[in-house]
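This briefing goes through salt bridges, helix packing and a surface patch, in that order. Please keep the sequence and the structure in view while reading.

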Amino acid sequence: MSSLLKVDNEIKKKVDAFRGRITAEAEDLVANFFPKKLLELDQFLKDPSINVCELKEIHSEINLTVPDPILLADIHDGLEGVKSLFKCLHSSVKKLNDIKSLNRQNAKKRKLEDGAGDDKVGGTKVFVMPGGMMKSNGKLVELIEKVKPEIRTLIEKCNTVKMWVQLLIPRIEDGNNFGVSIQEETVAELRTVEGEAASFLDQISRYYITRAKLVSKIAKYPHVEDYRRTVTEIDEKEYISLKIIVSELRNQYVTLHDMILKNIEKIKRPRSSNTDALY
């Protein structure tokens, strides 16, 4: 039967070469790369850097000291007139602020809940950090830089295998579609793994953003101990999450390798003839 679409022979050759390259790469991934990678990640899970017993070891020092209280001396007698003037001005400003606050009360509450209204609550204005740039948690940054390439690798390899399986899906026909359903299930599983791996990257970004906001709170309210404790809490939480991520990456390689090998015949030949043997 002649093709209903006229395709340039040169383009067809290039597309066929692409299909052949994807097939060879995907088959090598399933047969060799996946088992090697799951063994590497299993060994990584035994590394001392990811098996710290005392979480205090991964804490990072926050070099923001609590400022000394300012003691006001008695004002000189000659400034009593100025003092009285400032009292009058303060009283007038207070009345104006009270009137404005009645109109902005609901908006202010929302901003306080979101943490966006801190500039109107008070606190210390921060122009520069006394100890220079506030560093991230070095131990966690080092661990994150080891885990992120593994997440990216899983996403890329899953995308290659998914393309391979999709290229193996035959044209739509009535009946004899059991193998096709296995192919579709495999593609769906690969797509799920990709999404979960991408969510791990989002989780890391949220950790940095959350920690930065808390450090900003400490700089503004250095006398509030709870902010300092919260930073150590999210550091501990992120450390535990990183170990779980590595474990999940290993498990995904195990699952995909096992699933594809068990169904490799139906994946590669979704429609078998009636004369084919079952075993």
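A residue counts as exposed when its relative accessible area is over 50%, as buried when that value is under 20%, and as partly exposed in between. By that cut-off Lys 46 is exposed, because its relative accessible area is 55%. The model discussed here is a predicted one.

**Salt bridges**
- The structure holds 12 salt bridges, and among them is the one in which the side chains of Lys 46 and Asp 42 meet at 3.9 Å, N to O.
- Asp 42, which is partly exposed at 26% relative accessibility, also meets the side chain of Arg 250 in a salt bridge at 2.9 Å, N to O.
- The pair of Arg 250 in helix H7 and Asp 42 in helix H1 links distant parts of the chain, 208 residues apart.
- Within helix H1, Lys 12 and Asp 16 lie 4 residues apart, about one turn of the helix, and they form a salt bridge whose closest N and O atoms are 3.2 Å apart.
- A network of salt bridges links Lys 37, Glu 40 and Glu 150.

**Helix packing**
- Helix H5 (residues 138-168) packs against helix H7 (residues 225-262) at an angle of about 25°, with the axes 11 Å apart, so H5 is roughly parallel to H7.
- H5 and helix H6 (residues 178-220) pack at about 160°, with their axes 9 Å apart, and are therefore roughly antiparallel to each other.
- H5 passes H7 in a left-handed crossing, and H5 passes H6 in a left-handed crossing too.

**Surface patch**
- Leu 4, Leu 5, Val 7, Ile 11 and Val 15 make a nonpolar surface patch of about 550 Å².
- Val 15 lies in helix H1 (residues 9-44) and counts as partly exposed at 42% relative accessibility.

Methods: Residues numbered from 1 in each chain as written. Predicted model: local features only at pLDDT ≥ 70, side-chain atom pairs only at ≥ 80, totals over all residues. Heavy atoms only, no water. Patch = residues over 30% accessible without salt bridge, like charges linked within 9 Å, V, L, I, M, F, W, Y side chains within 5 Å. Areas by Shrake-Rupley, 256 points an atom, 1.4 Å probe, with all protein chains shown as cover. Salt bridge = Lys/Arg side-chain N within 4 Å of Asp/Glu carboxyl O. Helix = DSSP H or I, 4+ residues; strand = E, 2+ residues; numbered from the N terminus. Buried < 20%, exposed > 50% of the residue type's maximum accessible area, 1.4 Å probe, protein only. Axes fitted to C-alpha atoms, helices over the stretch in contact; angles between N-to-C directions. Parallel < 35°, antiparallel > 145°, perpendicular 65-115°, else oblique. Left-handed = near helix turned anticlockwise from the far one by under 90°.
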